[in-house]
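Hello,

Here is the structure I promised to pass on. Have a look at it first, and then read on for my notes.

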Amino acid sequence: MSTVLITGASRGIGAQCALSFAKAGYDVALNYCRSEAKALALVKEIEALGVKAFAVQADVADSAQVKGMFDAVRKELGAADVLVNNAGIAHVGLLTDMTDDEWRRLIDTDLSGTFYCCREALADMIRAHSGVIVNIASMWGEVGASCEAAYSAAKAGVIGLAKALAKEVGPSGVRVNAVSPGVVMTDMMAGFSDEDVAALKDETPLTSLGSPEDVADAVLFLASEKARFITGQVLSVNGGMVI
Ligand code: NAP
């Protein structure tokens, strides 16, 4: 039986990853930051599938909280065999209007949070000489988005981190990849108008937006034995919007 730790698993893509891994037989540690009720409801749903589930609160932007989270997961479920770095926030606006605090909060959450989690997970995975890390990036990390400069920079960072770590820890039996979603209908898209969403659909060769399941299927594949010779790669799940 394998154990997965998914950050930001209370809602959206992370919550779907938690369900999909549970259906594939994994025990699941679900990290949440603020949405405790949603995380606890998901624990019940996952336990009903016959695997273990453990909700653990932590702000991934805080390295001490991340350390506490990994200690709690080790105690409850054992060390994670798979880490999915999914927790993230977005910020839309001109870079020239962005404050230092807004910049720091985004980079601390989306990029440093991924670093803190990788550091903790790798201590166990290198010792075990096995393990898989999947960083959730974004197509904007591949090509950049106007008015999402900090987000694009952070997501380019998690891609770089995956590529570098793949080289660093491949000889230790650990694989590290990124999944790079396109537009996926979650709370993160709440600020977009119906017209914006229609325009995004029009721009997508497969003529629809992504679902959390589309992303979760790619993450599950990269975590699986079927992806045993794949490391340091970016798997884009974007309906052809960015090629
Ligand atoms: P979402 O629906 O807004 O959910 C975000 C999740 O991240 C929530 O579970 C939230 O937890 C958690 N989170 C936020 N800040 C956190 C922190 N400091 N510590 C721990 N958890 C934190 O977002 P989503 O659309 O599912 O996005 C998930 C990931 O996919 C993100 O990395 C995002 O950048 C990426 N992505 C999304 C899209 C898209 O179109 N939706 C496209 C490309 C990439 P709480 O609610 O418990 O605070």
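The largest cavity has a volume of about 30 Å³. Please keep in mind that the model is a predicted one. Sorted by class, the lining of the largest cavity has six polar, three nonpolar and one charged residues.

The largest pocket holds about 1,000 Å³ of space. Its lining takes in 45 residues, and nearest its centre lie G88, I89, A90, T186 and M188. The elements that each give two or more residues to this lining are α1 (12–23), β2 (27–32), α4, α5 (139–143) and α6 (149–169). The biggest share comes from α1, with three residues. By class, the lining of the largest pocket has 23 nonpolar, 15 polar and seven charged residues.

As for the second largest pocket, about 210 Å³ of space lies in it. The residues that line this pocket are S2, Y26, D81, V82, S130, G131, V132, R175, A223, S224, E225 and R228. They divide into four nonpolar, four polar and four charged.

**Where α3 meets α4**

If you turn to the helices, take a look at α3 (residues 63–77) and α4 (residues 100–128). Their axes come within 9 Å and cross at roughly 35°, and the crossing of α3 past α4 is right-handed. On the α3 side, the residues in contact are S63, V66, K67, M69, F70 and R74; on the α4 side they are Y116, C117, R119, E120, A121 and D124. By class, this contact has six nonpolar, five charged and one polar residues.

Leaving aside residues up to four places away in sequence, L83 touches L5, F70, C117, C118, A121, M125, V132, I133 and V134. The C-alpha atoms of L83 and I6 are separated by 6.0 Å, although the two residues are 77 apart along the chain.

**Two positive phi values**

Which residues other than glycine did I note for a positive phi? One of them is C147, with phi near 65°. C147 is placed in the loop between α5 and α6, and its relative accessible area of 29% makes C147 partly exposed. Another is T207, with phi near 60°. T207 lies in the loop between α7 (194–202) and α8 (212–223). T207 counts as exposed because its relative accessibility is 58%, where the cut-off for exposed is over 50%.

Happy to talk it over whenever you like.

Best wishes

How values were computed:
Residues are numbered from 1 along each chain as its sequence is written. This is a predicted model: local features need pLDDT of at least 70, side-chain atom pairs count only at pLDDT 80 or more; totals for chains, interfaces and linings use all residues. Side-chain values use heavy atoms; hydrogens and water are left out. Axes are lines fitted to C-alpha atoms, for helices over the stretch in contact, and angles run from 0 to 180 degrees between N-to-C directions. Helices (H or I, at least four residues) and strands (E, at least two) are DSSP runs, numbered from the N terminus. A crossing is left-handed if the near helix is turned anticlockwise from the far one by less than a right angle, and right-handed if clockwise. Contact means heavy atoms within 4.5 Å. Ala, Val, Leu, Ile, Met, Phe, Trp, Tyr, Cys and Pro count as nonpolar, Asp, Glu, Lys and Arg as charged, and the others, Gly among them, as polar. On a 1 Å grid over the protein atoms alone, a cavity is a set of points where a 1.4 Å probe fits but cannot get out, and a pocket is an open set with protein on both sides within 12 Å along at least five of seven lines; lining residues have an atom within 4 Å of a point. Grid points are joined across faces, edges and corners, and a volume is the space filled by probe spheres set on the points. Buried means under 20% relative accessible area, exposed over 50%, partly exposed in between (1.4 Å probe, protein chains only).
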